[in-house]
Amino acid sequence: MEQINGQGPTGRRLEGPNRMKVMQFRVKATTGPDNSRIPDFLRKLPTINLKEVVAERDWVFDHDMGLWTVNGSFMDPTVVSAAPKQGTAEIWNFRNAGSSWAHPCHVHFEEFQVLEWNGKKPTGILRSRKDVATLGPNDHARVFYRFDDFVGRYVIHCHNNVHEDNAMMLRWDITPG
Ligand SMILES: [Cu+2]
């Protein structure tokens, strides 16, 4: 897809001489037995127990003064924007306040499951263990987190690297429970 700025693909498919080169994999017939099998089911999704939820937070992705913000702020590594306790669960709301840009919101360390996307129950690939919520204009993802394994300092950032570098990122910490 053609992409001429950081806003996203234009929708025009590049064909013919405009086409960009991509790597092609050519799979050859195997010799010998193929013991691979598609399993009857993939690993079950972790259960969601809303009774464990101790807090609900909003993360609003927007822009200001030509730069990119989360909750109205630019990245400052000395500011801890959230400090959930290990062994607890929270509901986080990722919101895109903009009307034209997409923000692939990425949270380091912990995975989440979508509870609602724009008020609707998730279907398809939205029903999975995720670490990116790609918010289109005005999208709202309400998601469930459990902070299980490690304490430490992590970041949330837009995975559009131009947004991330200008300064759509924040620090959050998982603290001892
Ligand atoms: Cu972004």
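These notebook entries record what I looked up in a predicted model of a single chain.

**Entry 1. Overall layout**

I began with the secondary structure and found 1 helix and 9 strands in the chain. Read from the N terminus, the elements follow the order β-β-β-β-β-β-β-β-α-β. I then checked the dimensions: along the principal axes, the C-alpha atoms occupy a box of roughly 55 × 45 × 30 Å. The radius of gyration is 20 Å, whereas a compact globule of 177 residues would have a value near 16 Å. Buried residues account for 19% of the 177 residues. Among contacts with a separation of 6 or more, 75% link residues 24 or more positions apart.

**Entry 2. The five-stranded sheet**

I traced an open sheet of 5 strands in the order β2-β1-β3-β7-β5, and its pairing is mixed. Its edge strands are β2 (67-70) and β5 (112-117), each of which pairs on one side only. Neighbouring strands of this sheet are turned by 20° against each other on average, with direction ignored. I looked next at β1 (residues 53-64), which runs antiparallel to β2 and is joined to it by 4 bridges. D64 has L67 of β2 as its bridge partner.

**Entry 3. The four-stranded sheet**

I found a further open sheet, in which 4 strands stand in the order β6-β4-β8-β9 with antiparallel pairing. Both β6 (132-135) and β9 are at the edges with a single partner strand each, so one side of each has no neighbour in the sheet. The twist from one strand to the next averages 20°. Between β8 (residues 152-158) and β9, which run antiparallel, I noted 6 bridges. V155 is bridged to R171 in β9.

**Entry 4. The nonpolar core**

Which residues of the largest nonpolar core touch the most other members? I recorded W59, F61, F94, C105, L135, V143 and I156, out of 23 residues in this core. Strand β9 (residues 169-174) supplies the largest share of the core, 3 residues. As general background, nonpolar side chains tend to be buried together in soluble globular proteins.

I followed two of these residues further. F94 lies in strand β3 (residues 89-96). I counted 26 C-beta neighbours inside 10 Å of F94; the threshold for a buried residue is 20 or more, and F94 therefore counts as buried. Leaving aside residues up to four places away in sequence, F94 touches W59, C105, A133, L135, A141 and V143. I also took the C-alpha to C-alpha distance from F94 to W117, which is 9.7 Å for a sequence separation of 23 residues.

**Entry 5. Backbone geometry in the loops**

The peptide bond from N166 to A167 is cis, with omega near 15°. A167 belongs to the loop between α1 (161-164) and β9.

Two asparagines have a positive phi. For N118, phi is near 50°, and this residue sits in the loop between β5 and β6. Is N118 buried or exposed? N118 is exposed, because 11 other C-beta atoms lie within 10 Å. For N138, phi is about 65°, and its place is the loop between β6 and β7 (140-146). N138 has 12 C-beta neighbours inside 10 Å and so counts as exposed.

Key. Residues numbered from 1 in each chain as written. Predicted model: local features only at pLDDT ≥ 70, side-chain atom pairs only at ≥ 80, totals over all residues. Helix = DSSP H or I, 4+ residues; strand = E, 2+ residues; numbered from the N terminus. Contact = placed C-beta atoms within 7 Å. Rg over C-alpha atoms; globule rule 2.2 N^0.38 Å. Core = buried A, V, L, I, M, F, W, Y, C linked by C-beta atoms within 7 Å. Pairing = 2+ DSSP bridges. Axes fitted to C-alpha atoms, helices over the stretch in contact; angles between N-to-C directions.
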